[in-house]
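Have the viewer open and follow along.

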Amino acid sequence: MSIDQSVDAQLIEQTKQQIRSLVNEITQLSKSDIAPEEFHGEFLPRVISALAAVGGALWTLDDNGSLGLAYHVNMRESRLHEDEDANKRHSRLLYRILRSGEGNLVPAQTVSEGDDEAGNPTDFLLVFGVIKTELETIGVIEILQRSDTSLTTQKGYLRFLEQMTGLASDYYKNRQLRNFGDRQNLWAQLEEFTKTIHKSLHKAETAYTIANEGRRLIECDRVSVALRRGSKCRIEAVSGQDIVDKRSTVVKLLGRLATSVVRCNEPVWYSGDTSNLAPQVERAVEEYVDESHTKMVAVFPLVRQKLSDADQEYEDPDKRDKAEQPFGALIVEQIEDSRVPERTRKRIEIVADHACSAMGNAIDYNNIFLMPLWRLIGKSKILLTARMLPKTISVSVLVIALVVFLCVFPWEFNMQTPGSLKPSVEATVYAMIDGDIVDLPARHGLRVNGPVVDPVTKNLIAKPTLLARMKSTDLDMKRNSLMGERDKVAKELASLRDLLTGSASIAPQDRAKYASQVDICILQLQYFDQQLKFLDSQQQDLEVYAPISGEVMDWNLENKLLGRPVRRGEMLMEIADLSQPWELELLMPEKRIGHVLNYKQILDAKYQESLEVSFVLASAPSERHWGEVESIHERAEVRGQDGNTVMIKIRLKEPEKLSGEGLRPGVSVTAKIHCGKKPAGYVLFYQAIEYLQKTVLFWWF
């Protein structure tokens with residue numbers, strides 16, 4: 001018995017020593033200057049080990065006041081992830097503990113009597129401790145403990161956990177004190193940094209100031225500023241360098257890295273591991289690091305500062321929701337050391353935030369329309385001196401005269417649009433039936449004749465020209481099958497008639513039966529005759545004739561059609577009568593058709609005249625031709641690359657001038673529809689005026 005007691009005492013003493021060792025380790029952790037994530041990973045397993053618990057979790061509050069899982073050990077044993085209702089009750093319990101601010105014991109499978117239905121849905125005893133400081137509540141520690149213990153033991157768990165949460169609170173207090181000390185030093189440096197970068201609104205000067213002063217504040221090896229031009233970023237300034245060599249390989253690769261980060265619009269931290277980076281960013285980082293041998297690179301997109309929440313209430317919601325695109329990037333590098341202390345990380349974020357404001361103001365200032373001119377006028381007081389005053393007045397008078405000229409002087413207002421010439425009489429030949437083309441008399445340029453019909457009797461006087469002859473194997477097989485079946489029925493009908501007329505000893509009932517079979521055979525013959533007649537009409541469709549008189553327009557018909565199968569409705573060729581009058585078709589963009597319609601209404605109401613059109617052929621641009629608007633299509637349609645257009649048909653005034661060998665169907669034309677006269681300034685800048693009316697004035701008024 002004494003031996004067992006000595007063994008138990010030795011085991012108890014050994015356990016106590018292990019717990020003291022764990023407590024000492026936790027105490028040392030609370031005094032260290034490690035990151036919170038690292039502290040959580042070292043702190044929680046030691047607490048669980050000291051309590052001999054099944055598992056546990058550490059929940060922390062974010063900026064929005066929501067609890068998030070910072071670290072856990074064996075939380076799957078709770079099986080909360082298997083039941084959504086249980087998970088909700090557990091979440092309500094966490095928030096109740098957080099609101100109370102005190103540790104607590106919650107037995108297994110319990111539900112509170114409150115309205116929130118918080119409770120412990122697990123099979124474990126839950127021991128809670130709250131981590132908090134005088135300034136804020138950090139989070140909640142949750143321990144999964146076995147429920148088969150006495151109440152005294154459970155209270156001991158709670159007391160031990162409260163001691164451990166006190167040590168964790170000490171860690172956060174020490175961290176806050178260190179942050180306060182660093183922040184005080186940082187405020188002095190930041191005040192000087194802010195004053196310096198906001199002194200100038202010159203873009204290049206501001207970029208160099210941010211690079212040099214930012215390097216001093218961050219205490220790193222190199223800071224660079226990249227600005228976006230179009231879709232790419234270019235290095236504008238590098239700390240410690242008066243001039244940036246844009247042709248340098250390192251500078252080019254750094255610009256590519258900035259471009260890839262700006263496109264992603266997410267900060268990038270590189271300290272040797274690229275596994276968590278986007279593929280395009282990873283390639284850019286590896287190329288730059290291989291060339292520059294940098295150990296740490298941090299790239300922050302520079303985005304214009306957003307309005308405060310109070311100001312955003314009066315802004316347009318559509319504009320407020322749109323994400324602002326970065327105008328550049330801040331690049332911070334350490335050449336020898338890949339570690340990024342928390343202090344350095346915070347300073348990089350502060351410098352990037354102030355760089356957004358200073359660099360954004362400089363860019364906005366330099367993007368003001370005619371800013372060099374306004375700057376020159378503001379600095380040039382000499383223009384108002386006695387010697388320069390006459391010249392200044394003369395230039396001002398000229399400018400005013402030019403403005404008056406643009407606003408008052410009338411000028412021809414024309415709407416230019418592309419189009420094409422085509423014969424007024426043309427037709428497209430389609431296949432009327434499926435088949436193979438075996439004969440093709442039609443050739444390019446062949447003169448063909450259409451059908452000639454007597455206007456009185458409507459009879460065909462002259463047969464049209466044969467264009468193509470087709471063969472249909474399916475049609476032949478159907479005809480042969482029908483002919484075979486018809487012959488079979490005809491033979492059966494003949495035998496029945498012979499039987500009825502040749503034998504007088506047939507019983508009356510058999511005679512009636514044979515008579516009905518004769519009637520059926522007659523009906524079948526009539527059906528087969530109708531089917532053969534229909535096949536004969538389809539057989540006629542195998543020969544393709546010219547629908548109108550004219551010329552065949554298609555080129556190289558032999559290679560396109562001869563010997564190949566065609567489907568019903570497939571286009572075979574086009575025929576146009578070039579001897580008939582030609583017409584002009586214009587495709588007017590929808591955004592310009594309003595000027596044409598407005599002026600047409602004026603002409604119809606006051607002068608009863610048609611819109612006048614002038615045009616030139618692409619093959620003969622030196623000769624101008626004239627026409628009149630005949631009709632305007634009622635609908636706008638999308639036509640190929642021209643976009644949404646309205647078709648306008650033009651009647652030619654002097655069609656005889658267009659005759660010649662160079663005139664072929666579809667020849668390109670550039671036309672101008674005359675829409676009266678407008679002030680010269682409107683004629684020159686009407687597109688810009690309409691753009692402003694549509695995109696700017698429409699939203700304001």
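## A spot on helix 17

Let's start with K694, which sits in helix 17, residues 680–700. (Helices here are DSSP runs of H or I with at least four residues, strands are DSSP runs of E with at least two, and both are numbered from the N terminus.) K694 has a relative accessibility of 58%, so it counts as exposed. The cut-offs are these: buried means under 20% relative accessible area, exposed means over 50%, and partly exposed is in between, with a 1.4 Å probe and protein chains only. From the C-alpha of K694 to that of I650 is 30 Å, and the two residues are 44 apart along the chain.

A quick word on what you're looking at: this is a predicted model, where local features need pLDDT of at least 70 and side-chain atom pairs count only at pLDDT 80 or more, while totals for chains, interfaces and linings use all residues. Residues are numbered from 1 along each chain as its sequence is written, and side-chain values use heavy atoms, with hydrogens and water left out.

Next, find T259 in helix 6, which covers residues 249–264. Is T259 buried or exposed? Its relative accessibility is 8%, so T259 is buried. A polar atom of the T259 side chain lies 2.8 Å from the backbone oxygen of G255. Setting aside neighbours within four places in sequence, T259 is in contact (heavy atoms within 4.5 Å) with S231, K232 and C233.

Helix 6 also meets helix 7 (residues 279–292): their axes come within 9 Å and cross at roughly 160°. Axes are lines fitted to C-alpha atoms, for helices over the stretch in contact, and angles run from 0 to 180 degrees between N-to-C directions. Helix 6 and helix 7 are therefore roughly antiparallel; angles over 145 degrees get that label, while under 35 is roughly parallel, 65 to 115 roughly perpendicular, and the rest oblique. The crossing of helix 6 and helix 7 is left-handed, meaning that the near helix is turned anticlockwise from the far one by less than a right angle (clockwise would be right-handed). Residues making the contact include L253, L257 and V261 of helix 6 and V281, A284 and Y288 of helix 7. By class, the contact of helix 6 with helix 7 has 10 nonpolar, 4 polar and 3 charged residues. Here Ala, Val, Leu, Ile, Met, Phe, Trp, Tyr, Cys and Pro count as nonpolar, Asp, Glu, Lys and Arg as charged, and the others, Gly among them, as polar.

## Two other helix pairs

Helix 5 (residues 203–218) packs with helix 10 (residues 342–366) at an angle of about 170°, and their axes are 10 Å apart. That makes helix 5 roughly antiparallel to helix 10. Among the residues that meet are I210 and L217 from helix 5, and I348, V351 and M359 from helix 10. The contact of helix 5 with helix 10 splits into 11 nonpolar, 4 polar and 2 charged residues.

Now look at helix 13 (residues 473–502) and helix 14 (residues 508–540), whose axes come within 9 Å and cross at roughly 155°. Helix 13 and helix 14 are therefore roughly antiparallel as well, and their crossing is left-handed. The contact of helix 13 with helix 14 includes 18 nonpolar, 5 polar and 10 charged residues.

## Loops and a strand

N265 is in the loop between helix 6 and strand 10 (268–270). Phi of N265 is near 60°, a positive value in a residue other than glycine. With a relative accessible area of 28%, N265 is partly exposed. N556, in the loop between strand 21 (550–552) and helix 15 (557–561), also has a phi near 60°. At 33% relative accessibility, N556 is partly exposed.

E654 belongs to the loop between strand 28 (644–652) and strand 29 (667–679), and at 35% relative accessibility it counts as partly exposed. E654 and H625 are 29 residues apart in sequence, with 7.6 Å from C-alpha to C-alpha.

Last stop: T60, in strand 1 (residues 55–61). T60 counts as buried, at 18% relative accessibility. Not counting residues up to four places away in sequence, T60 touches H40, S66, L67, G68, A70, I138 and G139.

How values were computed. A polar contact is a pair of N or O atoms within 3.5 Å; within protein, one must be able to donate a hydrogen and the other to accept it, and residues adjacent in sequence count only if both atoms are side-chain atoms.
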